[in-house]
Amino acid sequence: MPDPTVLQTSSGSSGSADAPSLVFHVDIFMLAVVAVFVLATLPRAFARLSRSTEWRRGHILRSTRLDYRRPRRPPPLRPPPTPAKESTKTPPEEPQATSSSGHDGITSEESHTYVSHTNLIRRPSTGKAAAKLLPPHVRAWSAMLPPVGNLLRYRLDSGFSLGQALVLGLYSAILVYPVFWKSDPFSDPLRTGFVAMSQIPLVYMLGTKNNLLGMFLALGYEKLNYVHRYAGMMLVLLSNVHAVGYIYEWVFQGKLSMYLKEPAVMWGLVALAAVDTLYLFSTSFWRRKAYNIFFGSHIICFIVFLPAVYSHQPPVLYYVAAAAGAYGLDHILRLLKTRLFYGRIRPIPDLSMTRIEIPELNAGWRAGQHVRIRVLSSAMGWIGWAEVHPFTIASVAKTPEGLVLMCKDVGGWTKKLYEMAKVAGYGSEDGGMSRSVLIMVEGPYGGPGHSVFASYSAAMFVVGGSGITFALSAVQDLVRVDLEGASRVKVIELVWSVQDPSSLTPLLPQFTALLQQSTYTPLRISVHYTRAADTIPSKASLPPGVTLTAGRPRIGKVLDAVIQRTLSYGSGVKASMDITGVIVGVCGPVGLGDEVTQVVSSIDASRRWAVGGIEMHEE
């Protein structure tokens, strides 16, 4: 008797189109749709990559030699001298740098967050020479078409926008066409099976950290994860419809037991069991409560599924090979992106965070990117040493402090890391640590894509809790490029929302340093706390430019003030610059992103056009 799983249409659909050919053409159409999105990103991609420095940033972590210029006293009539000299005890003839062991005159409680960039001396330039240093700016489509951008940003649910819903709706429509065109999914289960198998490469590719789709769209894997989950659900749904259709037909014919003995059918059941198990352990319950089970089941089922599908239906070899290729490419790139260094761990009790410093790893990332780390220590437990966790980089590249991570204690793995840091303690008076740990660092990933923060006229960062790590790296980077004369930014605003006002204390030295260094671009930092506290830092202890306020921030009012200052402020070279818009960066709870989205969309059209558009980046 012929094998029912080979390429033949079932009895109920003898007039239907050839399933493999139809599915192949649908896949070509899907690639064409993706190409349209890629073409839309090209103007900004060309603008960003027109600067040679961008080719070396955001791809591979590396160690580089740091060259310092000796601070020079500016002439009396020049802009103000670098103020950070007055706040440190470093001799004037030596360049100031943050060493791994701390700073002279700074207590260990302060040194773990203190950063200085007085080695960066701005070289004033005017005319064509200054223009060459400035990054080119290309507006995003959302800024060119504000009504469309506001519509696409509209939240249908917490963290889920109308734009995302339209992407999933388009994807669903593309899949519905081959399933129902001249066919019935239950009377022609072969067609449904081929549609399901054609989605295997997409599901596997979007499940990797280094995927071609994300590279072409300049989107991190985390931004495409919602498509991966939805495509996976469609794969599971279509696979089960395919199986149920055949099982129903065999039961109706009374030949179920005979067909189940066929090797191809048995392999098909193995593949079905693998994909159903994968879906079961991918639900939010397992991701939140038992991530290791979710992760382990993903790996095992991914590996079992591909050979089982090929054994079930050899003609799908091309889809299986494409999926295996995407999976293999990802692991090759992960290996190339992995570095092994010793790092110091330091507890920050007021923030319930562990600070990780890797001075030797000091280049290769962009502000806003994150890395995935393993802490190779027995103190992390039998399984904890092998776990991988992502953290946003909290430092700027090419500084003596190197790569810095601030890991919030939220229980489990991060709690073990925090306890290990507390046990290590402080080993010397200058803030050095008595214990270092071996850390495997993989990345960088994510980030702002083709957006260049320094190309905007104003930058506003709204962060909550541990999201301050994103803002710290972004603001440090803006201050640095501004000192080099390579920034269009006129105004920098940082809004940080925390629960406890004491969270401000450990970051005050770093905030002070940033304020002192932002000589040419005004920086304002406003901290808002949402819980009552017995001890609140006094206003006298806050440096000029830092405010501490009870209650939630009024984001709309702050953004309106940023727009007003952007339109009215400008000195020197920046006074003659075109207004290139405002970038609003957000990092924190999902609700914070929803609130900022609503505020950005509510800005009056006339003010939006006057300031050159308002764009939003969610980290």
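Which strand does proline 444 lie in? Proline 444 lies in strand 8, where strands (E, at least two residues) and helices (H or I, at least four) are DSSP runs numbered from the N terminus. This is a predicted model: local features need pLDDT of at least 70, side-chain atom pairs count only at pLDDT 80 or more, and totals for chains, interfaces and linings use all residues. Residues are numbered from 1 along each chain as its sequence is written, and side-chain values use heavy atoms, with hydrogens and water left out.

- An open sheet of 6 strands runs in the order 6-5-8-3-4-7, with antiparallel pairing; two strands pair if DSSP finds at least two bridges between them.
- Strand 6 (389-392) and strand 7 (403-408) are the edge strands, and each pairs on one side only.
- The twist averages 40 degrees from one strand to the next.
- Helix 15 (residues 317-337) packs on the sheet and touches strand 3 (338-348), strand 5 and strand 8 (436-446); contact means heavy atoms within 4.5 Å.
- The direction of helix 15 makes about 130 degrees with that of strand 8; axes are lines fitted to C-alpha atoms, for helices over the stretch in contact, and angles run from 0 to 180 degrees between N-to-C directions.
- Strand 5 (residues 369-375) pairs with strand 6 over 4 bridges, and isoleucine 373 stands opposite histidine 389.

**A helix pair**
- Helix 10 (residues 225-253) packs with helix 12 (residues 263-280) at about 140 degrees, their axes 10 Å apart.
- Residues in this contact include Met233 and Trp250 of helix 10, and Val265 and Tyr279 of helix 12.
- The contact holds 9 nonpolar, 2 polar and 1 charged residues. Ala, Val, Leu, Ile, Met, Phe, Trp, Tyr, Cys and Pro count as nonpolar, Asp, Glu, Lys and Arg as charged, and the others, Gly among them, as polar.

**The largest cavity**
- The largest cavity has a volume of about 320 Å³. On a 1 Å grid over the protein atoms alone, a cavity is a set of points where a 1.4 Å probe fits but cannot get out, and lining residues have an atom within 4 Å of a point. Points are joined across faces, edges and corners, and a volume is the space filled by probe spheres set on them.
- Of the 22 lining residues, the closest to its centre are Ser239, His242, Ala243, Gly268 and His312.
- The lining divides into 15 nonpolar, 7 polar and no charged residues.

**Backbone details**
- A cis peptide bond joins glycine 443 and proline 444, with omega about 5 degrees.
- Serine 352 has a positive phi, near 50 degrees, and lies in the loop between strand 3 and strand 4 (353-358).

Technical notes: On a 1 Å grid over the protein atoms alone, a cavity is a set of points where a 1.4 Å probe fits but cannot get out, and a pocket is an open set with protein on both sides within 12 Å along at least five of seven lines; lining residues have an atom within 4 Å of a point.
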